[in-house]
Amino acid sequence: MAYLLMWVVRLLVGAVARYVNTQPYQGQCIYFANHTSHVDTLALWSALPSDLRRQTRPVAAADYWGKTALRRHIALDGLNAVLIDRTRATPDADPLAPLKSALAAGDSLIIFPEGTRTAQPLPSEFKSGLFRLAEAFPGVALIPVYLDNLHRSMPKGSFVPVPLICTVRFGAPLARIDGESKEDFLVRARQAVVDLAA
Amino acid sequence: MNANTKFMYLMAVVMGILVVASIIGAILHTRVKGEGGRAVVLNLNARIRAWWGMIAIFAVAFWVGPIATLVLFAIVSFFALREFVTLTPTRPGDHRALAVAFFIMIPLQYYTIGIAYYSLFSLMIPVYGFLLLPSLSTLTQDTQHFLERSAKIQWAVMITIYCISSAPALLMLKIPDYEGQSALLLFYLLLIVQLSDVMQYVVGKLFGKTKLAPVISPSKTVEGLIGGGLIAVAVGTSLWWITPFSPLAAAGMSAAIVAAGALGGLVLSAVKRSLGAKDWGTMIEGHGGTLDRMDSVSFAAPVFFHLVRYFYT
């Protein structure tokens, strides 16, 4: 199932990996990327080398991916995704709890810190989730990723991806700065993704 | 001689050429030491390896039959169109037109060849596609660069679907006293086009002095064009017995293929450069993308197809 999806994604959008002045990062990490289309998760996941792909879990919205049996099957059994609750039905619960337990278990994660898709090539402001995960897991590397061309392949509101050769650009791990404020960190993290777009 | 025997002979000729090329490549690999020469030899050997792969794929498609050949060319059109659209700046408003081009026009165009429906094959894209694609783009009310965007999509569709599909369209021609052998014409076309490309490159590297079009295609030389073209025409003439042509007609046909192919290479290089790229893609090692290999075919195929159809059916 996962392999079938991966080959369909490669046929449609290429999903070619480019490492910008860096090598594939071998240890545990959080990949954070701009979010423009429904195929983003699959494209990034398909671009990873297969040994790293096995230990990497995408983070997906429970309100979308948990909705129908097929989506649940693709997300949970195909991609081994971590579902996250965006609705906050129970205000006291920590929405990041499933992510933290995945990181504690040693998995790598794929997250889209904007929280939702944007129609623009460049990402909008990042939400604070990335900062809180970085704070809680200082040993986990933060890898910026820029997904190029996917906003053209599948603009918001469309259901069929137009075949294009999209590149997935991986950057070097984001440097950790002690005592950095949340705002500064999020601006710097977003800039790391934007820099890969050039 | 029947089609199968001719096909076997033809394969033997092609394999022979490739074996000789591979041996020369291997010798050069051990002999050439200089920095620049080394890069040329590595590139040459990568091209020869890719040729073996392409010949294998074509041989299997021919052997399996016309449907396999059509599917193969449909896939080539798909990859070529994907490369073209990747380099073309489109806007979200073009999404519907592009989806139609990929998922409806490619299968439909090859289906018309499969059922040998000549009029629909020759009219669908230049007439109905021409009118339909911009109509779809107007639905989103985005007028910014509308004419440029529409023109680019039309060009992409004409080159990558219509022109490339003219090559396997040779299969639907019914030529008197040549029944069931039209696959050989397709092989003939591809062999002459690619041989001309390769020999232009080789002769150009060996004897090239005068640049043909330095701005568009820095590696093309006048000497390469004339020398490589003449070799391709000579081979094309000597293969008259696999075609329905007389030796003289075969010379004329291969000259037309060589001329159209050379123009195709130049025009598509110019298009590529106006889109700001050097290669169409990175799919085939040593060759760039699919369109870097198919550029000459896309011009030679429709010309050859219509010449054969006019004079021989």
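**Figure 1. Chain B of the predicted model consists of helices without strands.** Chain B holds 10 helices and zero strands. The C-alpha trace of chain B spans about 60 × 55 × 30 Å along its principal axes. For 313 residues, a compact globule would have a radius of gyration near 20 Å, and the 20 Å computed for chain B agrees with this. Of these 313 residues, 40% count as buried. Among the contacts in chain B with a separation of 6 or more, 68% are made by residues 24 or more positions apart.

**Figure 2. Helix 7 and helix 9 of chain B cross at roughly 55°.** Two packed helices are described by the angle between their axes and the distance between the axes. Helix 7 of chain B covers residues 182-207 and helix 9 of chain B covers residues 247-274; their axes come within 9 Å. Angles from 35 to 65 degrees lie between the roughly parallel and the roughly perpendicular ranges, and helix 7 of chain B and helix 9 of chain B are therefore oblique to each other. The crossing of these two helices of chain B is right-handed. On the side of helix 7 of chain B, the residues that meet the partner helix are B:L189, B:I192, B:V193, B:S196 and B:D197. Helix 9 of chain B contributes B:S254, B:I257, B:V258 and B:G261 to these contacts.

**Figure 3. B:D197 is a buried residue of chain B.** B:D197 is placed in helix 7 of chain B. A residue counts as buried if 20 or more other C-beta atoms lie within 10 Å of its own; B:D197 has 23 such atoms within 10 Å and is therefore buried. When residues up to four places away in sequence are not counted, B:D197 touches B:G261 and B:S296. B:G261 belongs to helix 9 of chain B and is among the residues that helix 7 of chain B meets there. B:L87 is 110 residues away from B:D197 in sequence, and the C-alpha atoms of B:D197 and B:L87 are 24 Å apart in space.

Figure 4. A box of roughly 45 × 40 × 30 Å, taken along the principal axes, is filled by the C-alpha atoms of chain A. Buried residues make up 41% of the 198 residues in chain A. Residues 24 or more positions apart account for 72% of the contacts in chain A with a separation of 6 or more.

**Figure 5. Seven strands of chain A form an open sheet with mixed pairing.** The strands of this sheet in chain A follow the order 1-7-6-2-5-3-4. Strand 1 (16-19) and strand 4 (82-84) of chain A are the edge strands, and each pairs on one side only. Neighbouring strands of the sheet are turned by 25° against each other on average, direction ignored. Strands of a sheet pair through backbone hydrogen bonds, either parallel or antiparallel.

**Figure 6. Strand 3 of chain A pairs with strand 5 of chain A and with strand 4 of chain A.** Strand 3 (residues 56-61) and strand 5 (residues 108-111) of chain A pair in the parallel sense over three bridges. A:R57 stands opposite A:L109 in strand 5 of chain A, and A:P58 has A:I110 as its bridge partner in that strand. Strand 3 and strand 4 of chain A also run parallel and are joined by three bridges. In this pairing, A:A60 stands opposite A:L83 of strand 4 of chain A. Five of the six residues of strand 3 of chain A are buried, so this strand is largely enclosed by the rest of the structure.

**Figure 7. Strand 7 of chain A pairs with strand 1 of chain A and with strand 6 of chain A.** Four bridges join strand 1 of chain A to strand 7 (residues 167-170) of chain A in the parallel sense. In contrast, strand 6 (residues 141-147) and strand 7 of chain A run antiparallel and are joined by three bridges. A:R169 of strand 7 of chain A stands opposite A:R18, and A:R169 is also the bridge partner of A:Y146.

Definitions and conventions
Residues numbered from 1 in each chain as written. Chains lettered and ligands numbered in written order. Predicted model: local features only at pLDDT ≥ 70, side-chain atom pairs only at ≥ 80, totals over all residues. Buried ≥ 20, exposed ≤ 12 C-beta atoms within 10 Å, placed from the backbone. Contact = placed C-beta atoms within 7 Å. Pairing = 2+ DSSP bridges. Axes fitted to C-alpha atoms, helices over the stretch in contact; angles between N-to-C directions. Parallel < 35°, antiparallel > 145°, perpendicular 65-115°, else oblique. Left-handed = near helix turned anticlockwise from the far one by under 90°. Rg over C-alpha atoms; globule rule 2.2 N^0.38 Å.
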